[in-house]
Amino acid sequence: MSEVRSHERPVCEVCNKTGATVVEKYTRSPWPVVACNSCGFVYLGRVPDYEDLSVNLAWEKQAAEEKQRRKKNKLARFDALTRFRLKFGKLVDRARHTRAVPATGRVLEIGCGPSTRIPEGPTPYGIEISEALSKRAQPIFEGRGGAVYHEPATEGIERFEENFFDSILMRSYLEHEAQPRLILERAFKRLKPGGKILLRSPNYNSANRFIRGSEWCGFRFPDHVNYFTPRSLKALAESVGYEFHWMNWMSLFDDNLIVELKKPQAAAA
């Protein structure tokens, strides 16, 4: 792999303030895990450029590498063998997200991967930064009257006019986005009043992270760049203007936060 291009993150995305302290026990050189000195939000202080996330650090490559790394760890192998303990909760939460997608209208999936989670009915649109995965997804979306765009989500979402979407899916995406505030702001404008973002992201406050420490499954370097807690995700969403609603009843024990962000009916675009 060629050298990864990267840059510093100057401010905290949750509170917009400067100043952070390195969390040494979780840092993996050259990617510093830091905690905001003002609000405590945990994130990578240095992140890859979008260009490298397209090919060199594409999701499918990073996932395969992380899977091989974890196979060498005994606790990780035990964790993988007992993942059935979380399947029921995930099935319930996936069903909730599916029911929340409108039967008609337009739905955007950010980080769609090679296919789509959007159920039949609405017209699907996708944004995928991985070049290879976006090519695989393209005929699926086009076959249903939609489209897939290969570019950073913060740029791709600006293709659409305001109040265009009935809902937006961000499942396993926001942890990868170096500008989560910007994408949530731009998504807010593209949602119709009453529209929803259905979001899933690793839960830094999960019991499993306290038990597993640096081997927690939510850590993945360098493409997981945000480590949200219920408090930090709620603070970010509400500061943009969303109404924040929980969807997973095991949030304290689940490795993921599963939430619904709603644009108020009376909100201006």
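Guide: A nonpolar core here is a set of buried Ala, Val, Leu, Ile, Met, Phe, Trp, Tyr and Cys residues joined through side-chain atoms within 4.5 Å. Please keep in mind that this is a predicted model. The largest such core has 38 residues, and M170, I197 and Y242 have the most contacts inside it. Two or more residues come from each of β3 (33-36), β6, β7, β9, α7 (180-190), β10, α9 (230-240) and β13 (256-262). A second core of 16 residues is separate, and includes L44, Y204, C217 and V225. As a general point, nonpolar side chains tend to be buried together in soluble globular proteins.

Now to the sheet. Seven strands form an open sheet with mixed pairing, in the order β8-β7-β6-β9-β10-β13-β12. The edges are β8 (147-149) and β12 (243-246); each has a single partner strand, so one side of each is left without a neighbour in the sheet. From one strand to the next, the twist averages 20°.

Let's step along the strands, starting with β6. Strand β6 (residues 106-110) is mostly covered, with four of its five residues buried. With β7 (residues 123-127), β6 pairs in the parallel sense over five bridges, and L108 has Y125 in β7 as its bridge partner. With β9 (residues 165-171), β6 also pairs in the parallel sense, over three bridges; here V107 is partnered by S167 in β9.

Leaving aside neighbours within four places in sequence, M170 is in contact with I110, I183, L184, A187, I197, L198, L199 and R200.

Why does R200 count as buried? Its relative accessibility is 14%, and the cut-off for buried is under 20%. The R200 side chain makes a polar contact with the side chain of S172, at 2.9 Å. R200 and E260 are 60 residues apart along the chain, and their C-alpha atoms are separated by 8.9 Å.

Further along, β12 and β13 run antiparallel and are joined by four bridges; E243 has K262 in β13 as its bridge partner.

Finally, the helices. α7 lies across β6, β9, β10 and β13, and runs at about 150° to β10. α9 lies across β10, β12 and β13, running at about 150° to β12. Both α7 and α9 are among the elements that give two or more residues to the 38-residue core.

Technical notes: Residues are numbered from 1 along each chain as its sequence is written. This is a predicted model: local features need pLDDT of at least 70, side-chain atom pairs count only at pLDDT 80 or more; totals for chains, interfaces and linings use all residues. Side-chain values use heavy atoms; hydrogens and water are left out. Buried means under 20% relative accessible area, exposed over 50%, partly exposed in between (1.4 Å probe, protein chains only). A polar contact is a pair of N or O atoms within 3.5 Å; within protein, one must be able to donate a hydrogen and the other to accept it, and residues adjacent in sequence count only if both atoms are side-chain atoms. Two strands pair if DSSP finds at least two bridges between them. Contact means heavy atoms within 4.5 Å. Axes are lines fitted to C-alpha atoms, for helices over the stretch in contact, and angles run from 0 to 180 degrees between N-to-C directions.
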